[in-house]
Structure formats: structure tokens, C-alpha cells
Number of protein chains: 2
Amino acid sequence: MPENTLPLEPGEWEISPEKSKPLYQQLKDVLAGQIKNGILKADDRLPSEKELCAMYNVSRITVRQALAELTREGLIYRSHGKGTFVARPRIQQELVRVTPFEETLRSKGLEPSTKYLGASFIPADYHLATVLAIPISTDVMRMELLGLGNNEPMVYYLSYFAGELGQKLCDLARELSQQRVAFSTFDLYEKAGIPAPAMLTQSFEAIAARREQARILGVKQGEPLLLVTSLVYTAEGRPVEYKQAAYRGDKYSFYITRPVNQGKRL
Amino acid sequence: MPENTLPLEPGEWEISPEKSKPLYQQLKDVLAGQIKNGILKADDRLPSEKELCAMYNVSRITVRQALAELTREGLIYRSHGKGTFVARPRIQQELVRVTPFEETLRSKGLEPSTKYLGASFIPADYHLATVLAIPISTDVMRMELLGLGNNEPMVYYLSYFAGELGQKLCDLARELSQQRVAFSTFDLYEKAGIPAPAMLTQSFEAIAARREQARILGVKQGEPLLLVTSLVYTAEGRPVEYKQAAYRGDKYSFYITRPVNQGKRL
DNA sequence: ATGCTAGTCTTGTTATGACAACAAGGCTGC
DNA sequence: GCAGCCTTGTTGTCATAACAAGACTAGCAT
């Protein structure tokens with residue numbers, strides 16, 4: 001009777017231990033692919049864990065690990081005693097996703113690019129030293145970037161890097177800028193071979209453009225700007241970058257997808 | 001030689017199967033407690049999985065499930081071949097956390113409250129119908145709220161609810177407002193016994209206050225406002241609420257903690 | 001001294017098996 | 001007819017076991 005369980009024939013998507021990738025990863029990719037391709041549609045019921053075990057000839061632990069990750073990523077939802085179902089397609093992407101600068105612009109048909117404005121070493125003042133967890137007066141790299149869409153200024157970045165990585169990132173930024181490609185500071189980490197940042201805190205404020213900001217962004221003084229202040233951490237929880245980004249209010253909006261944090265007050 | 005492994009004597013935190021709560025939950029709570037209380041400090045090494053198994057007399061699966069969740073929540077980080085370590089304390093909280101309205105105000109020493117401005121049923125226009133995934137002209141509940149700090153307007157909420165839950169939430173809001181307590185629409189869900197929302201998408205923009213908004217918030221026209229547009233989903237991915245919140249730029253900033261999404265472009 | 005290797009620690013992956021808890025439909029006894 | 005039980009199917013929890021793979025060290029060979 002429970003024939004809403006579609007068979008999703010294997011064979012094509014045979015998963016095998018020789019592929020070097022973990023089995024649960026392969027299974028996860030297969031299922032994610034079927035969901036993204038519409039073979040499995042919203043609210044469809046997936047095969048039960050036992051069926052998946054048989055179909056792909058893996059153990060239940062493997063199946064559960066794959067399903068757990070898909071659940072965490074919001075592609076499926078599970079219901080104790082009933083089964084596993086495909087979530088509505090709208091929020092498939094990663095569980096937490098912030099649309100990056102380039103993508104936002106491209107989606108609006110604008111050509112993104114990034115301009116290197118300059119960089120220098122400065123001694124950390126009290127505030128910088130506190131947020132970056134370093135001693136006062138330590139040298140930090142201060143870097144200014146300008147993000148453009150169709151060569152029109154969109155956002156002004158002001159970044160501070162702790163430690164010796166500032167120089168490396170700064171050189172890279174200058175280089176990439178000359179190639180007229182768009183990049184963010186996260187791209188720099190990757191290219192510099194630095195362990196990727198894992199966590200960040202951000203605050204969003206609406207401010208009125210001050211004279212200097214207005215000049216750089218090409219707007220009138222007092223125009224609304226979206227000021228995003230970020231603090232970037234490594235996986236170990238060490239702060240590595242403090243960044244302020246001032247977006248033109250009339251041109252840009254910040255977009256984010258995230259799970260609701262149930263009123264877990266501290 | 002590896003004596004940085006502190007013993008964290010059990011006995012006090014004996015975990016037992018009779019407690020009804022799952023073992024991995026109990027273990028997770030114990031470890032989280034030790035981290036929060038400073039018994040385990042930043043970058044301390046936790047006992048290995050095998051040691052934890054022996055100490056608490058549970059299987060490795062249980063230990064791994066506890067550690068996996070703690071990792072996901074950002075309290076610890078793991079390194080293949082080396083061990084498990086306590087993350088820096090700054091970002092302990094939930095992995096993704098948005099500081100809620102009341103908390104933000106209280107931290108600034110302001111007394112939060114929420115005022116019910118009104119509500120009515122209106123037929124959904126094209127935009128509303130699209131985002132809420134309902135047919136055009138379906139009735140939706142439109143509710144206006146005002147968030148105040150020390151009785152000064154801070155934020156203007158405009159919410160739209162799909163389906164029949166609008167009336168319930170609206171009645172609740174009117175009631176709570178008379179009790180002069182602060183609440184958010186999420187509190188309403190809980191109190192109304194509606195399955196809690198699981199996911200939301202938000203966009204942040206800086207806008208200039210229009211006349212009506214300026215009047216309600218008590219600011220001059222053209223002043224910068226932080227406009228946060230949210231779309232709230234259930235676990236199944238069904239949209240249930242569309243909300244616009246306009247915050248006074250000079251009084252409020254939005255704060256968020258989240259993992260970095262590695263350039264996983266779609 | 002340098003470099004390689006073997007051994008031993010760690011976490012990561014996977015299998016097998018069992019029972020608990022929840023959901024839903026069908027059956028039985030009233 | 002209907003309440004309550006029982007069976008079946010599902011996901012959730014937990015135990016035991018084995019091997020893989022990264023990290024580190026001590027010791028051996030060059």
C-alpha cells in the first residue's frame with residue numbers, strides 16, 4: 001500500500017568503496033542530485049533507511065550519516081515513525097547562506113570587479129587590539145578595497161588583519177585587482193593557502209554617509225549606507241580579520257538564509 | 001607524555017540511562033557545562049573518544065554523537081590524528097545566533113515593549129502571493145507592530161501571515177500588547193501552539209525614511225533606516241510569514257553569528 | 001646530522017545487531 | 001459504532017567491532 005515510495009532505480013548511480021570518497025558522501029551526493037534534478041520532488045517520501053541500505057548495499061550507519069547531513073543542510077526533513085521527506089525547494093541551498101557580492105551583482109546583470117585602494121601597517125589601537133585579541137600597538141595590516149558593479153562604486157571595504165598574514169593577502173589583492181576580477185577577502189585566504197576561516201560575527205547598521213565615505217562611493221552626504229561590521233574567526237576561534245563594509249543603500253541589499261534559533265536565551 | 005589531557009573526574013556528573021534523556025545528550029550537556037564553567041578552557045584538549053567511553057561507560061557511537069553536535073555548535077573543534085579541543089570562548093553560543101530585539105535593548109539598559117498597532121485581512125497581491133506560495137487574492141492577515149525601548153519607537157514591524165493562523169496570532173498579539181510585555185512574532189507561534197518555524201531568509205537594506213515611516217518612528221524624513229525583510233518557513237519548507245521590519249538607524253544594529261559558507265557556488 | 005621507517009596515538013569510516021519510541025491502520029471486544 | 005489493543009513499519013538510540021588515515025615520536029640506517 002505505501003506506494004508513494006518511488007523506487008529511484010540504482011544502477012546508474014552505483015556507489016562503490018573504490019571511489020576514495022566516503023560512502024556516506026557518495027550517497028548524500030546521489031540523493032542531493034536527485035532532489036535538485038527533480039527526480040525527487042517536494043514532500044515526496046524517500047525510501048526508508050532499510051530500503052536505502054538494500055538498494056545501495058551499505059549499512060544503516062552510512063545511510064543515517066548521509067541523511068543527517070542532508071537534514072542539516074535543509075534538503076530533507078525527517079519525522080519519527082513516519083519517514084523521510086523532501087523539503088520544499090526554495091531553501092535547498094546550504095543551511096546558512098549569505099549571497100556573496102559577485103553573485104548578487106551578477107544576478108542583477110551587473111559586472112562585478114574589485115579595486116585595490118591601498119594598504120599599510122598601523123599599530124593597533126585599543127579597539128582593534130581588543131577585537132583581534134592581540135596586544136595594543138602590535139602592527140596590523142589595514143587594507144582598503146572598493147567593490148564595483150559595471151564600474152560604479154557599490155561598497156567600500158576596510159579590513160584589518162592580525163599577524164603576519166596581512167602582507168601576503170595584501171600582495172595578492174593588488175595582483176588580483178590588476179586582473180580586473182572580482183574577489184572578496186575570503187578568496188584571498190584560499191589563494192594564499194591560509195586555513196579557511198570557519199566562523200564570523202556580523203552587525204548590520206544603517207548609517208548616514210559621512211563626507212569621506214560619500215566621496216568614495218559617489219553619493220551625497222547623508223545618504224543611507226548599509227554598514228556591515230564583520231569579525232572573522234578560524235576554526236579554533238582565533239580572530240583573524242576585522243572588516244567594515246559600507247554598501248550604498250540604494251544599490252545593494254544583503255541576503256541571508258538561516259535556521260531559526262529557537263528562543264534559546266543565554 | 002600527553003598529560004595536557006585533564007582528567008575531569010566523573011562521579012559528580014554521572015550519566016545514567018534512567019534519566020530518560022538520551023545518553024549522548026547527557027554527555028553533551030556535561031561537556032558543554034564544563035566548557036562554559038571554565039573547567040575546560042580554550043584550546044584545552046578533551047579526553048580522547050576512547051577515554052570518554054571508559055570514563056562515562058558508554059559506547060563510542062554515543063561519544064561521537066555528542067562530540068559531533070558540540071562541533072556543530074562551535075564549542076569544540078576536532079583535528080584528525082591529534083584530538084579534540086575547546087574552541088575560543090567568544091563564539092560559543094549557538095552556531096547561528098541572531099540577538100533578538102529584547103535582548104539587544106536590555107543589553108543597552110533600555111526597557112523593551114511591543115505595541116499592537118492594528119491588523120486586517122487583505123487579499124494577496126502578486127508579490128505577496130508569490131512569496132507566500134498561495135493563490136492570488138487569497139486573504140492574508142496584515143499586522144502592524146511597534147517595538148519600543150524606554151517607550152521610544154525603535155522598530156516598525158509589518159507582517160503578513162498565510163492561512164488561517166493569522167487570526168489566532170493577531171488576537172494573541174493584541175492581548176500581549178495590553179500586558180505591556182515585549183514579544184516577537186516567534187513568541188506568538190509558540191504561545192499559539194503552532195509548529196515552530198525552522199528556517200528563514202532575510203535581506204538587509206539601508207533606506208531613507210519615507211514620510212509615513214518617519215512619522216511612526218519619530219524621525220525626520222530621509223533619515224537612514226535599516227530595513228530587514230524576512231520570509232519564515234516551517235521545517236517542511238512551507239512559507240508562513242512575510243515580514244518587513246524598519247529599524248531606526250541611529251538606535252539599532254542587527255547582530256549575527258554564523259559559520260562561513262565556503263565559496264560553494266551553486 | 002639527516003632522513004626514513006615502524007609503532008602508536010588520534011579521529012574518520014563502515015558493518016552488524018538490538019531495542020525503544022512513535023505513527024498508523026486494522027482488528028477485536030464491548 | 002467505537003474505544004482500545006495489536007501488528008507492522010518507520011526513525012531514534014546505543015553497543016561492539018574492525019580497519020583506514022592523519023599526526024607524532026622514537027629509533028634505526030644512511
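**Figure 1. Buried side of helix H2(B) in a predicted model.** Helix H2 of chain B spans residues 49–56, and its buried residues are Glu49(B), Leu52(B), Cys53(B) and Tyr56(B). Because these residues cover an arc of only 105° around the axis, they are on the same side of H2(B); the arc is that of the directions from the helix axis to the C-beta atoms. An α-helix has 3.6 residues a turn, so residues three or four places apart point the same way. Buried means under 20% relative accessible area, exposed means over 50%, and partly exposed lies in between (1.4 Å probe, protein chains only). Helices (H or I, at least four residues) and strands (E, at least two) are DSSP runs, numbered from the N terminus. This is a predicted model, in which local features need pLDDT of at least 70 and side-chain atom pairs count only at pLDDT 80 or more, whereas totals for chains, interfaces and linings use all residues. Residues are numbered from 1 along each chain as its sequence is written, chains are lettered from A and ligands numbered from 1 in the order in which they are written, and side-chain values use heavy atoms, with hydrogens and water left out.

Figure 2. Exposed residues Lys50(B) and Ala54(B) sit on the face turned away from the buried side. After H2(B) comes Asn57(B), with a positive phi near 55°.

Figure 3. Sugar and phosphate make up 70% of the atoms of DNA strand C that come within 4 Å of the protein. A residue is near the strand if one of its heavy atoms lies within 4 Å of it. H3(A) gives the largest share of this surface, four residues. By class, the surface has five nonpolar, twelve polar and eight charged residues; Ala, Val, Leu, Ile, Met, Phe, Trp, Tyr, Cys and Pro count as nonpolar, Asp, Glu, Lys and Arg as charged, and the others, Gly among them, as polar.

**Figure 4. Phosphate oxygens of DNA strand C.** For a backbone N or O atom of Glu49(B), the distance to a phosphate oxygen is 3.0 Å. In Arg64(B), a side-chain N or O atom lies 3.2 Å from a phosphate oxygen.

Terms used:
Polar contact = N/O pair within 3.5 Å; in protein donor to acceptor, adjacent residues only side chain to side chain.
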